Amino acid sequence: MGRSCFPRCGFARIIAWLQLVLGILVIVVSISSLFRFYSAGFFVHNEDICRHFYGPKDVYQGFDINDRIAEVLTTIENLHKKLEMNLQQMEKSNTRLEYKNYLEVEVLRPVYSAYTALKQLRLPKIGNGTVKEESLIDTFTTEEIRKYITPKENRIGKINFYGTEKIYNTIGHACVLMKKELEEYMDYDIGSYCKDDWNLAQKLMVNGCDPLPRRRCLTRASKVFQKPYPINESLWKLPDDRNVRWGNYQCRNFGCLSGKNPKRGYTKCIGCFEMEKEKLKWVTNTSLQVDFLIRNVLAIKPGQIRIGLDYGVGTGTFAARMRELNVTIVSTALNLGAPFNEIIALRGLIPLYATLNQRLPFFDNTMDLIHTTGFLDGWIDLLLMDFIIFDWDRVLRPGGLLWIDRFFCNKKDMEDYTYMFQQLRYKKHKWVIAPKSQHQVYLSAVLEKPPRAI
C-alpha cells in the first residue's frame, strides 16, 4: 500500500512546490504592475495619464524596479531550465505520459509566458520620460498594436546607419478600415503560441492591410512535420501530406487537390497539383501558338538570364524548370484555397508571399526576367495594371525580358490591354494573339526592356 502511494505522493509534493513558486511569481508580477500604474498616475487625477503610461520613469524614489525585475527574471529563467531538463529526463526514462504532459502544459508553458510578460515591463530608458504618439496610434486600443507602430528611438541617442533618429514600423493604410480584424489578429499572449489564423492575416493583406505588423508569438507548424525530400526528388514529387497544416482548407491532403475533384477548394491553377501534367509545361510543344517553350525564350538572351520573378498563381513549376537550367526564380504565391506557398517551398523553391497591392520587394534594375501567367487577366482594372506594369519595369534591368504568358481578355478589351503592354516601348521578340473562345482571346509576348539615357 505504502509503495503504491509513494510515486503519487512524491508527484503531489512536486506539484505543491510548483504551485507555491507560481504563486510567488504572480505576487511579484502584481507588485511590479502596481508600481507601473502608480508611476503612470492611475491613483491620482492626471489629464496626461495615457501619455505617462507609455513612458514610465525607470527609478522611483531610490527603488530601481528594473533591478528587481532582473532578479526575478533570472530566477524564473533558472527554474524554467531546470524544469526543462527534468522534462527531458522524463522522456528518456519513459515516465508516465500524463506526468510529462502535465509539466509541459501546466507548468513549463505558463512559466515561460510569465517570464516573457515580465520582460515587457523592462521598458527602455527614454530621456524625457514620455513617448510622442502619432495620430495613427490613437486609432487602436489593443496595446500590442500601439507598441508596434510607436516610433522607436535609437538607444544611443544618435543617428543610426539608416540616417534616422527613430525606426518607424509600418502597416498598410487600409488597416485603419479593418480595425476589428487587425485587433483580433494582434490579440495574443506574448511569447506563447500564435493562433492558427494565417487565413485572417491573408484576408487583411488582400484587403490592403499590407504590410501587416510583426507579432511576438510562436508560429504554429504541423506536429508531425517530416524532413523534406532531397532536391533531386522534391522538384517533381508531391510533398508529404504531414508537412502542411490543413485546418483552413477544404482538402486534407494533396491528392484531394486534383483538378478532377469539384470540392478541391480553389479555382485558379486547376490541375497544377498534378505533377505528371506539370512536367509537360514549357518543355513540350502544344497546338497553341501562344505557348512558348523555355529553351526558345532563353535563346533570345543566351547566358544572360540568371535570376527572375514568376508573377502568378501556381505550384512553382516554372521555377522548377528554370532551376534545372541554373536560373533562380522567385514565385509569388497566395494561399487561395490551397497551400500554394507550402508546396513551392517543399519542392525546394522560393515562394514570395505577396498580393497585387504590394510594391515588389526588389531594388531597381535587378531582375533578368519577369514571367507572368494565370493571374493578371481581363478582370483587372486598367489603372491597377498600369501601376503593376510600371513596377515590373522598375525592377527589370535594361535588356531584361518581360514574358507575358497566356494573358486573356474579351476581344473588345484587347486593344486597351495591348496598349498597356506596349506603352513602355519594349522591343518585341515574340507577340502572338490567338482565339481562346468565341468572345475571348489570348496574348503571349516576350518583350525586352530598352536602355534609357539618364
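Colleague: How many aromatic pairs does the structure hold?

Modeller: There are 13 aromatic pairs in this predicted model. Rings of Phe, Tyr and Trp (its six-membered ring) pair if their centres lie within 6.5 Å; planes under 30 degrees apart count as stacked, over 60 as edge-to-face and the rest as tilted. Phe273 and Phe340 are tilted because their planes sit at 45 degrees, with ring centres 5.3 Å apart.

Colleague: Where are Phe273 and Phe340 in the chain?

Modeller: Phe273 is in the loop between α8 (231-234) and α9 (275-278), and Phe340 is in helix α12 (residues 340-346), 67 residues apart.

Colleague: Is Phe340 buried or exposed?

Modeller: Phe340 is buried at 1% relative accessible area, and Phe273 is buried at 3%. Buried means under 20%, exposed over 50%, partly exposed in between (1.4 Å probe, protein chains only).

Colleague: Which residues form the aromatic cluster?

Modeller: Trp198, Trp246, Tyr249, Phe254, Tyr266, Phe273 and Phe340.

Colleague: OK, charges now. What lies over the face of Tyr266?

Modeller: Arg264 does, 5.4 Å from the ring centre. The test is NZ of Lys or CZ of Arg within 6 Å of the ring centre and within 35 degrees of the ring normal. Lys436 lies over the face of Phe408 too, at 4.6 Å from the ring centre.

Note on methods: Residues numbered from 1 in each chain as written. Predicted model: local features only at pLDDT ≥ 70, side-chain atom pairs only at ≥ 80, totals over all residues. Heavy atoms only, no water. Helix = DSSP H or I, 4+ residues; strand = E, 2+ residues; numbered from the N terminus.
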